[in-house]
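Visitor: Hello! I am new to this structure and would like to learn how to read it. Could you walk me through some features?

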Amino acid sequence: MAVRVAPDPASTIVSRGRFSSWLATVDHKRIGIMYILTSLFFFVAGGIIALLMRSQLARPNEHVFTRDTYDQMFTMHGTTMIFLVVVPVFAGLANYLVPLMIGARDMAFPRLNALSYWFYLLGGIVLYASWFSGGGAARAGWYSYPPLSEHAFEPGKGQDLWILAIHLTTISSILGAINFIVTIHNLRAPGMSWMRLPLFVWSIYVYSVLILIALTELAGALTLLLLDRKVGTHFFLPSKGGSAVLYQHMFWFFGHPEVYIMVLPAFGILSEVIPVFSRKPIFGYKAIAFSTVAIGFYSMLVWAHHMFSVGLPTGLNIFFMLSSMTIAVPTGIKIFNWIATTWRGNVILDTAMLFALGAVGVFTIGGLSGIFLAAFPFDWQVTDTYFVVAHMHYVLFGGSAFALFAAFYYWWPKMFGRFLDERLGKVNFWLYFIGINLTFFPQHFLGLLGMPRRVWTYNHHGWWAAWNLVSTIGAFVMAFGTLVFLINVVRTTRVGRRAGHDPWVADTLEWYTTSPPPAYNFDKVPYVTSARPLRDLRRRLQEGSVHA
Amino acid sequence: MRRAGALVFVALLGLVLAHVALAGDPAGLSPRGPDSPQAAKIEGIDWLLIAITGGIFVLVEGALILFVFRFRNRGRSRTLEGPEIHGATRLELIWTAIPVVILAAIVAFVLVKLPGINSADSAKAAGPPLIVKVEGRQFYWNFLYPNGVIQVERMRVPANRDVKLLINSEDVDHSWWIPALQGKFDAIPGKTNHLWFRADRRGTFEGQCGEFCGYEHPHMVAAVQAVPSSDFQSWYDREARAQASGTSDLGKMTFDGACATCHGFHAQGAFGPDLRGNPILQQPAAIKTLLQNGRNKMPAVGKGWSSRQMNALLAYVKRFAGSSGGG
């Protein structure tokens, strides 16, 4: 058994004052909230960029923006949503929840935890400041393939700042990942064995391991690109003996685990929310835990399915088709388990549950279109088209973002002691649900009609123009959904209904303490005897066998 | 009142969609075409996947909606719990095995179709394959034929004959893509990819660059024009002689493909500056340097051109030297 590390008490020097106490905090809950609010800010920024792009694409030959601005916008939209929203928002949620869920007082390394957050914020500031650098922001796309991202083709400072920003967020994520792994290994409550770990914590564990493997590798790839740009090396310059394809391998060796870094915690959220609102235990706890690990493992063996059109040997294409199809199996298992959890339950359709069920339903579409993309001859037709844009947004918006909103509606009462409004929440959900399908379903058709991604305009009419218009309308429907959510948040801080310590009658330890919890989290942590310690406690109380 | 508004909206939307549908446009359920055996096989995979995933979609979403509707709360207390079901090993094994079988079937189907997609379909081909070198460049395609003929943006091929393309790039990554004939294959500097196709019929098949390559990526278009074999042969020989003697339209073709994207078909300027009356047009050596090295936003469009193509262009642009655009 490992040593239980006592968390460092917060520094008291600058901990007085409402503002400075947040600046100096090492409390995992405050850091978590800062992460979440910062990523919400960037979510809105990235969303506004998306709306501007959809305005440009609403009609053929539109001229809302110049080609140069458009290229910067799609690069910034992708980079923002991936590096400044989805990955850090999960770090934020996990920061808040993991210690509470495992019955710990804080993360294993509270100061390192604060450092992670500040690196993340700095990365975001650098990225957004790059709009104002000489030549504007980076414009080579979120995966910035060389030679296009090399100095010869992209001499602007934006590309260098883009690399710097990603390095900063990468350091942030790596430090956070180490912290989560150590915390989960060492600070679990007495009795909480691995098979009693909440499934969200399982997913954060695999998320952290993937970050350690994939993001360190990305940092290497980007360092080589930076050396090419600034020092005159030519790792990725074919004209000087380098290899442009090497970068693609390095990037996607990070890029595909990254997809699961962004989706596994969402799966973890669904595995927490669906049982509580079905009033049943999760169906197949072990299957879900092991499939999380299996997905994490396979995610490192599928990277070249992003590269089927690069001209790899046929044998390799077949291998990556097989491995990509294989990963569909554990993913399918999870979906079946969630659906089975609702069977014969007492299904309560609160907003959190609506978002969780919506995530299952919408993510399924993204999973199924993934099978199309794994069949590589078909991928030759649709790779780098709007079909891929549709697929990826069904996974990332349908899967990750819907699950995140489920998490917000579910854990908001714990974090702030007040419920988000249910009526506004339902409006939020339905606007998102209609909006995502209007926006992204027609994009499958656009890809098949021949519309490549990353085009700032097109000169086609008929269905091509019609589907684009539908997609733009859908994007604005989603924007209204976001607006409703923000109104809900602001309204809740003033007039939100107060929540007790366990408003949903839930299963896990975070609901054992007050809402919001005190700085030290728990007066006393109960001995954990199953994966649903709080339910056990309730039952023991009912049976009168607890003498507290 | 509100319902009437919604009805009007739906009716209008329906009218718009019906109007577009009646125009006889494909809506995008499958790739365009197919007009080659290769594209037809890819479309076969598409329809198989639509059938299988469509079935899975209906089952999964159906179960989800049915369970949620059937077991919804209906005002029962939150504390009322469902049965303690923690799993069912046999059921879980079944729903692990079924996807494995389905996916294996898909893989088998793909592997059966594969040889006819990534190689020649020589069974019905008339004559030996035509091999064309395809060079991707910012922001146009250059085609080099075995007998020295150069074409830009529009590739002429014989119908019903195998064509093998050797694809590479002179600058950044591009992707060659004519959806009706084949999937896309990347043009990557330092690497030569090849693909096969055989146009089933005469006609012009359009496509555009499939990999983001810079600010004019959406305007990097391509077309393959398939003509009857005899017409092709006579054009091929005639064009070779014309290009060798400098009497072909290679200069115009190169200007329209490589220059007009930014400078306009009449050099009147668009994204790039107006070239009419520009003194540099009088200095072939200076243009040559500019074309081979690029400057600021202008890519090195002429890097590696044969002297035949360079001279044809230099001769063609002279016509813009005198005609000042008046600013």
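This is a predicted model: local features need pLDDT of at least 70, side-chain atom pairs count only at pLDDT 80 or more; totals for chains, interfaces and linings use all residues.

Visitor: What pLDDT does chain B average?

Guide: Chain B averages a pLDDT of 90, and 89% of the residues score at least 70. For the complex, the predictor gives an ipTM of 0.92 and a pTM of 0.94.

Visitor: Let me try a single residue. Is Gln292(B) buried, exposed or partly exposed?

Guide: Here we count neighbours: a residue is buried with 20 or more other C-beta atoms within 10 Å, and exposed with 12 or fewer. Gln292(B) has 14, so this residue is partly exposed. You will find Gln292(B) in helix H6 of chain B, which covers residues 284-293.

Visitor: Which residues does Gln292(B) touch, leaving aside those up to four places away in sequence?

Guide: Gln292(B) touches Ala300(B), Gly302(B) and Lys303(B).

Visitor: Now to helices. How are two packed helices described?

Guide: The angle between their axes and the distance between the axes describe such a pair. Take helix H9 (residues 314-342) and helix H10 (residues 351-374) of chain A: their axes come within 10 Å and cross at roughly 165°. An angle over 145 degrees counts as roughly antiparallel, so H9(A) and H10(A) are roughly antiparallel to each other. Their crossing is left-handed.

Visitor: Which residues of H9(A) and H10(A) meet?

Guide: On the H9(A) side, they include Met321(A), Ala328(A) and Trp338(A), while the H10(A) side includes Val360(A), Gly367(A) and Ile371(A). By class, this contact has nine nonpolar, five polar and no charged residues.

Visitor: And between the chains, how many residues does each give to the contact?

Guide: Chain A gives 73 residues and chain B gives 77. Several helices of chain A give two or more residues to that side, among them H3 (67-101), H7 (244-278) and H14 (463-495). The largest share, 12 residues, comes from H9(A). By class, the side of chain A that touches chain B has 46 nonpolar, 19 polar and eight charged residues.

Conventions:
Residues are numbered from 1 along each chain as its sequence is written. Chains are lettered from A and ligands numbered from 1 in the order in which they are written. Axes are lines fitted to C-alpha atoms, for helices over the stretch in contact, and angles run from 0 to 180 degrees between N-to-C directions. Helices (H or I, at least four residues) and strands (E, at least two) are DSSP runs, numbered from the N terminus. Angles under 35 degrees count as roughly parallel, over 145 as roughly antiparallel, 65 to 115 as roughly perpendicular and the rest as oblique. A crossing is left-handed if the near helix is turned anticlockwise from the far one by less than a right angle, and right-handed if clockwise. Two residues are in contact if their C-beta atoms, placed from the backbone, lie within 7 Å. Ala, Val, Leu, Ile, Met, Phe, Trp, Tyr, Cys and Pro count as nonpolar, Asp, Glu, Lys and Arg as charged, and the others, Gly among them, as polar. pLDDT is the predictor's confidence in each residue, from 0 to 100.
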